[in-house]
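Welcome! Please take a moment to look over the sequence and the 3D view below, and then we will walk through some of the details together.

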Amino acid sequence: MNIQLYNTLTARKETFVAQDPNCVTMYVCGPTVYNLVHIGNGRPAVVFDVLFRLLAATYPQVRYARNITDVEDKINAAAREAGEPIAQFTERYTVAYNEDVRALGNLEPTIEPRATHHIVEMVAMIGELIARGHAYAAEGHVLFSVPSDPSYGMLSKRSLEDMLDGARVEVAPYKRDAKDFVLWKPSAPDVPGWDSPWGRGRPGWHIECSAMIRKHLGATIDIHGGGSDLMFPHHENELAQGRCVGSGEAYVRYWLHNGMLTLGNEKMAKSVGNVLTLRELLARYGGEVLRYALLSGHYRSALAWSDDLIKQSQASLDRIYRALLEAPAGDITHPQQLHDQPIEAFPATVVAALADDMNTPEALAAVHAIVTELHRTNDPAVARELRSALLAGGWLLGLLTESPEAHFKTGATLEAAAIETLIEARNAARAARDFARADAIRDELLQHHVELEDGRDGTRWRVTNA
């Protein structure tokens with residue numbers, strides 16, 4: 001099977017060919033842990049989790065690294081304001097991040113390297129860049145010499161003259177060129193620091209990813225992912241470091257970038273102040289609903305986040321789960337059965353959509369087409385096969401991981417036992433022909449987002465967002 005991916009470096013869709021057909025290597029930039037992450041931070045976690053699933057079903061092994069940046073000036077300032085030791089502060093937000101993205105249905109990455117665990121590797125890489133003439137020490141700093149790399153700008157398609165426009169660069173007297181960026185900087189006594197040949201200090205942001213990639217995945221990796229806001233300067237600087245320390249090796253063969261989430265007319269960002277944290281959204285909606293919403297747009301496009309998007313996603317998931325609830329059980333009864341299955345075990349229509357540059361909207365449409373087939377068939381054997389196909393397609397997308405019964409009972413503002421007690425009281429009122437009391441109980445449950453459905457087998461309940 002051919003997988004097509006849009007490579008930012010070449011600005012075209014290409015057939016993915018792993019450098020080692022037995023093991024694909026992929027790195028995705030994770031969070032800087034100084035606050036709770038917002039739903040926009042959840043998008044790359046979800047997008048590249050889908051790619052991880054597709055690759056894992058296609059290749060014998062995938063080594064997927066998603067890093068944690070736990071040394072950075074924003075962290076220092078936030079920990080100081082909180083009056084908390086930095087190590088304790090970053091650990092708290094690392095745990096929170098992992099809890100939040102796990103709630104979105106993401107698989108664990110193969111490796112989760114932390115920047116502070118790789119200082120030795122960063123110092124070594126900086127030393128190599130100095131030795132090769134691509135970096136220099138000045139006043140306790142070490143800087144990468146941008147003019148020393150004639151290919152600089154090839155990822156973001158910027159000329160050297162454009163580099164200062166909109167870039168987060170510090171103009172300092174110790175720089176030989178205003179475009180040069182920091183690899184190492186001195187640390188005051190009250191901020192984290194490590195010994196180095198250039199004095200006590202800490203790494204710059206960009207060298208962290210390059211060093212962690214080289215240690216865990218090798219000098220050249222297959223795929224590097226992240227948000228489009230990281231393309232410049234972060235990924236451009238990463239590419240320069242990785243290429244120059246490796247005597248011109250590719251560093252990354254396929255660069256993938258997801259589009260941003262917007263809220264209103266602006267990009268969702270902490271710097272803008274218009275963020276919705278994953279934690280607060282998860283308190284109101286199921287993780288699968290948020291995941292469905294994140295997958296509803298093509299990953300390379302911007303995605304407008306809104307209450308309507310969440311409602312549409314909830315309704316779409318409800319349709320799929322209703323089909324699962326009503327169909328006879330097939331060979332696949334639990335999502336765990338789909339781990340480590342070959343690509344042939346998954347619906348061809350869903351696979352084809354994901355293999356076409358991770359076209360998740362098309363993949364979701366393929367899942368809904370299976371639901372439509374389920375509604376049309378009267379053959380129990382066919383229905384069982386379609387139900388298994390539905391679960392398999394859902395697994396590739398990271399969806400349909402809970403039982404249908406559990407899905408329809410997620411999000412109520414009453415405990416299940418209290419709901420069942422009210423249903424029993426309603427049934428008693430109906431038996432006594434006290435229909436006013438029965439209707440009042442139904443209305444009370446609706447206020448708690450619980451909808452009742454009376455059938456021959458009794459009364460079922462489900463959560464509604466109405």
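Predicted model: local features only at pLDDT ≥ 70, side-chain atom pairs only at ≥ 80, totals over all residues.

**Helix α3**
- Helix α3 covers residues 86-103. At 1.5 Å a residue, its 18 residues should span 26 Å, and the C-alpha atoms at its ends are 26 Å apart, so the two values agree.
- Which residues of α3 are buried? They are Phe89, Thr90, Tyr93, Thr94, Ala96, Tyr97, Asn98, Asp100 and Val101.
- These buried residues of α3 pack against α1, β4, α2 (73-82) and α7 (278-282).

**The sheet**
- An open sheet is built from four strands, and you can follow them in the order β4-β3-β9-β10. Their pairing is parallel.
- Strands β4 (62-66) and β10 (252-258) stand at the edges; each has a single partner strand, so one side of each lacks a neighbour in the sheet.
- On average, neighbouring strands of this sheet are turned by 20 degrees against each other, ignoring direction.

**Inside the sheet: β3 and β9**
- Strand β3 (residues 24-28) and strand β9 (residues 221-227) run parallel and are joined by three bridges.
- To find your way here, look for Met26, which stands opposite Ile223 in β9.

**A helix on the sheet**
- Helix α1 (residues 39-58) packs on the sheet and touches β3, β4, β9 and β10.
- The direction of α1 makes about 175 degrees with that of β3.

Conventions:
Residues numbered from 1 in each chain as written. Heavy atoms only, no water. Pairing = 2+ DSSP bridges. Helix = DSSP H or I, 4+ residues; strand = E, 2+ residues; numbered from the N terminus. Axes fitted to C-alpha atoms, helices over the stretch in contact; angles between N-to-C directions. Contact = heavy atoms within 4.5 Å. Expected span 1.5 Å × (residues − 1). Buried < 20%, exposed > 50% of the residue type's maximum accessible area, 1.4 Å probe, protein only.
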